[in-house]
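This report concerns a single predicted model. The sequence and structure are shown first.

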Amino acid sequence: MKKIFYCIVASMTFLVSSCDDELTIFPEDSLSVPTFFKTETDFTQAVNGAYVPLRLINNQAKPYLAEMHSDNTYFARNTAFGATDNQEDIADHSIPSDGGITANTWVEQIYREYYQIVARTNQILTTIDDAEFDETPKANLKGQALFLRAYAYFELTQLFGSVPMHLEPVLDRDGAALPLSSEDELYAQIIEDAKGAAGLLPLKSDQEPGRATSGAAQTLLANVYMVREQWSEAETLLKAVVASNEYMLMPNYEDAFSGNSENKNNMESVFEIQYREGAEGLNGSFLYNFLPRPITAEEVGAITGTSNAQPVNGEGNNIPTPDIIDAYEDGDLREDASIMYVTISESFWEDGVYPIIKKYVEPHALHGNHGMNWPVYRYSEVLLFLAEALEEQGKGGEALPYLNEVRTRAGLGAPTGDLGEAIFNERRVELAFENKRWFDLVRTGRAIDVITAHGNKIKANPIDYYYPAGVEPRGNVFTNISERYALPASESSLNPNF
């Protein structure tokens, strides 16, 4: 009997078939590049998959790396549980590293998830031009892929500095081991992708809710220009977003944020991460990461409104610091909308009355399963970016109305003192707990000084920063303050360039 042996390895990245190189068959009932990337439906599904890692990133790692790494939030020590070194090392700027690499869990997670986005968008971008379907949806899908790749590389560059720049699908181990690209090289590609996205994507009013839009791409590109101190380029883009009339501030600050199932992608939202409560695996649980611990089921239920509240142990993270609380001016309506106080009966810290992040507290049905979206860009940030870009060019008179538009909603009048400092301080309270503070400290050159002073305050008065009486910070706190994270050690085994 004549026998034919097939050796087929099929994946979304590459496919090898026929051991004898005599017969090549692409099974039509299996997903592979030749069989999948053909129709509009195929590419829609692929783009949907490229958004997915954003949920895990913002549910876990990023609030630690971008907010708790700043002076806005800290952890609440639970002495009965012990230390959770990966989170504490981030908050304490004491992440162990050797030769530019680290084994920190959250550094590894965020790095891998952003490269998941890169890998998925690369596959889309290398195949979509040859697909045969209507050009209008094709442009939309390609624009979304470009936006997501630009955003992923922008985040990676801000977090790590130099990283490998993959622009094509990785087909083998050698292809995975690219050298580190410089920040200038990375930013050149980010700008190219963001420009391409802005030219292809529709306006928010013409786009399916939750997907990237031309306004989101313009805001991302303006953010890049702000980091690069290309003020006039940022001004042009931001004025275009304002002039589009696609966005406006919600009348009440607290309404700018998503509810568990309503108020999503509202008129102030430029881009937000989509979550949905339920059993489909699309839900978030980040609110629970922000609770001080140990906390009883009754206390959890009072905050969340869930029908099956459960006690939570471990260590609370992203607890608002006294510094951010003091940053609000008297009469600022955003303070009560952003921070609330809860009493934890089993706490080891003082009387157990803690501040927690309120802007993500929304009633939901089941414990650990909520659907609030995470804001990435809001229109208020567009206005503050524009005010900053104008002020940096000596156009203070033109900048002030944009700043005052944000302050007026907060119940405040015109700022006093230096305008540049007023804009910087406004960003802190307007965008508190939205993963902006650490990046702002770095891009303005303040990170080392601010965090050094922040660390000195914690070491001098640990009880003010949620340490129980008699408990001192670890000996290595604030000993490794740096503007960039070390690269993940787990990836260095795959890439000798680390």
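Residues are numbered from 1 along each chain as its sequence is written, and side-chain values use heavy atoms, leaving out hydrogens and water.

**Overall fold**

The protein chain contains 20 helices and twelve strands, taken as DSSP runs numbered from the N terminus (helices: H or I, at least four residues; strands: E, at least two). Its radius of gyration, 24 Å, is close to the 23 Å given by the globule rule for 498 residues, so the chain is as compact as a globular protein of that length; the radius is taken over C-alpha atoms, and the rule is 2.2 Å times the number of residues to the power 0.38. The C-alpha trace spans about 80 × 55 × 50 Å along its principal axes. Of the 498 residues, 55% count as buried, that is, under 20% relative accessible area with a 1.4 Å probe, protein chains only.

Because 15 of its 21 residues are buried, H5 is largely enclosed by the rest of the structure. At its start, a side-chain oxygen of Asn 104 comes to within 3.0 Å of the backbone nitrogen of Trp 106.

The whole structure holds 27 aromatic pairs, defined by ring centres of Phe, Tyr and Trp (its six-membered ring) within 6.5 Å; planes under 30 degrees apart are stacked, over 60 edge-to-face, and the rest tilted. Two of them are listed here.

| Pair | Geometry | Centre to centre | Between planes |
|---|---|---|---|
| Tyr 64 and Trp 106 | edge-to-face | 5.1 Å | 65° |
| Tyr 114 and Tyr 151 | edge-to-face | 6.3 Å | 75° |

Tyr 114 lies in H5 and Tyr 151 in helix H6 (residues 135–160), so their pair ties together parts 37 residues apart in sequence. Tyr 114 is buried at 0% relative accessibility, and Tyr 151 is buried at 1%.

**A loop residue**

Ala 414 lies in the loop between helix H16 (396–409) and helix H17 (419–430). Leaving aside neighbours within four places in sequence, Ala 414 is in contact (heavy atoms within 4.5 Å) with Asn 404 and Arg 407.

Technical notes. Predicted model: local features only at pLDDT ≥ 70, side-chain atom pairs only at ≥ 80, totals over all residues. Buried < 20%, exposed > 50% of the residue type's maximum accessible area, 1.4 Å probe, protein only. Polar contact = N/O pair within 3.5 Å; in protein donor to acceptor, adjacent residues only side chain to side chain.
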